[in-house]
Amino acid sequence: MQEYGVGVFPSVPTKSAWKKALKKKRVKVNGHLAHTATYLKGGEKIELSLAEETPSCKTLVFDLKVLFEDDYLAIIHKPAGILVSGNSFKTIANALPQNLKPCDVSDATKPQPVHRLDYATTGLLLTGKTGSSIRKLNQLFEEKKVHKVYYATTIGKMPLSGKITDPIDDKAAESHFETVRSVPSKKYEYLNLVKLAPKTGRRHQLRKHLSAMGNPILGDKTYGKEGFILMGKGLYLHAYSLEFIHPFTGEHLKVTDDLPERFTKIFGEL
């Protein structure tokens, strides 16, 4: 049930929202209360009851740069300093309806991000605009069929390339890196522009993996080296590209988002 129900109901389009509905005992299968581990064999009657909510009259006015959009999905640039989703009013999720075009697909719903970027991270964010699209995009991530590339600025001397496989929260994790350019630094010895390809999607995976190597990301207040924290400049981590097969059109999509100016100030134009 936990896997099947995502996006089935337009009012519950994401995995987290579906889990909440199950946890709050709002889902029944054949008249019986359902749980995340309820198995489906086919032909069951699934019912969803939602508590009535008072609609908010507040509208978040926050301009987003849209890099790709059609009736099913959109890819936007996430700036630093804003949450992707959550209980806060100022989130990317709340800003999406004002920035994306309405669609005429039968299961159109409020646009929803289908993955996360940290508060301080910039770059590409993939969103779904229909219930079926949200469900299929979540499936692409689970099946590791979305290829993501990040760039980071790291501290200290680094190997030219390698693979990091340190477990995160007792779960397997894998990140590949390539050092694109290094410049000497009086304070940090070296600053490196590093291309990163995560093969798994653990929370803070790239930040934790690079810190474990002894090369934390510049500006990382959580996993940085004591005495070497850069204050006030943000986190130098950027989601540069997303590549996948469009689940409805079959188109091969590869979208990129140029490095922020703070990167090019250190390393020059690439």
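The legends below describe close-up views of a predicted model.

**View 1. Helix 1 and its buried face.**
Helix 1 spans residues 15-23, and its buried residues are Trp 18, Ala 21 and Leu 22. Seen down the helix axis, these residues fall within an arc of 100°, so they line one face of helix 1. An α-helix has 3.6 residues a turn, so residues three or four places apart point the same way. The buried residues of helix 1 pack against strand 1 and against strand 3 (46-48). Lys 20 and Lys 23 are exposed and sit on the face of helix 1 turned away from the buried side. Lys 25 follows helix 1 and has a positive phi, near 60°.

**View 2. Asn 30 between strand 1 and strand 2.**
Asn 30 lies in the loop that joins strand 1 (27-29) to strand 2 (32-33). Its phi is positive, about 50°, although Asn 30 is not a glycine.

**View 3. Helix 2 and what covers it.**
Helix 2 is made of residues 92-99, and Ile 92, Ala 93, Ala 95, Leu 96 and Asn 99 are buried in it. These residues cover an arc of only 155° around the axis, which puts them on the same side of helix 2. The cover over the buried residues of helix 2 includes strand 4 (65-69) and strand 5 (73-78). Strand 6 (108-113) and strand 7 (122-130) are also among the elements covering these residues.

**View 4. Thr 122 in strand 7.**
Thr 122 is located in strand 7. With a relative accessibility of 7%, Thr 122 counts as buried. Leaving aside residues up to four places away in sequence, Thr 122 touches His 77, Lys 78, Pro 79 and Ala 80, as well as Leu 117. The contacts of Thr 122 also include Leu 237, His 238 and Ala 239, together with Pro 260 and Arg 262.

The UniProt record, an unreviewed entry, places the feature "domain: Pseudouridine synthase RsuA/RluA-like" at residues 73-212. In the model, residues 73-212 are 20% helix and 39% strand.

**View 5. Asp 170 between strand 9 and strand 10.**
Asp 170 belongs to the loop between strand 9 (161-164) and strand 10 (175-185). Asp 170 is not a glycine, yet it has a positive phi of about 65°. Its relative accessible area is 80%, so Asp 170 is exposed, the cut-off for exposed being over 50%.

**View 6. Ser 175 in strand 10.**
Ser 175 is part of strand 10. Ser 175 counts as buried, at 1% relative accessibility. Apart from residues up to four places away in sequence, it touches Gly 162, Lys 163 and Ile 164, along with Ala 197 and Pro 198. Gln 205, Leu 206 and His 209 are also touched by Ser 175. From Ser 175 to Val 27 the C-alpha distance is 38 Å, and the two residues are 148 residues apart in sequence.

**View 7. The second largest pocket.**
The second largest pocket holds about 160 Å³ of space. Tyr 151, Tyr 240, Asp 258 and Leu 259 are among the residues that line this pocket. The lining also includes Thr 264, Gly 268, Glu 269 and Leu 270. By class, the lining has 4 nonpolar, 2 polar and 2 charged residues.

Methods:
Residues are numbered from 1 along each chain as its sequence is written. This is a predicted model: local features need pLDDT of at least 70, side-chain atom pairs count only at pLDDT 80 or more; totals for chains, interfaces and linings use all residues. Side-chain values use heavy atoms; hydrogens and water are left out. Buried means under 20% relative accessible area, exposed over 50%, partly exposed in between (1.4 Å probe, protein chains only). Helices (H or I, at least four residues) and strands (E, at least two) are DSSP runs, numbered from the N terminus. The arc is that of the directions from the helix axis to the C-beta atoms. Contact means heavy atoms within 4.5 Å. On a 1 Å grid over the protein atoms alone, a cavity is a set of points where a 1.4 Å probe fits but cannot get out, and a pocket is an open set with protein on both sides within 12 Å along at least five of seven lines; lining residues have an atom within 4 Å of a point. Grid points are joined across faces, edges and corners, and a volume is the space filled by probe spheres set on the points. Ala, Val, Leu, Ile, Met, Phe, Trp, Tyr, Cys and Pro count as nonpolar, Asp, Glu, Lys and Arg as charged, and the others, Gly among them, as polar. UniProt positions are given in the numbering used here, feature names are shortened, and annotations may be inferred rather than shown by experiment.
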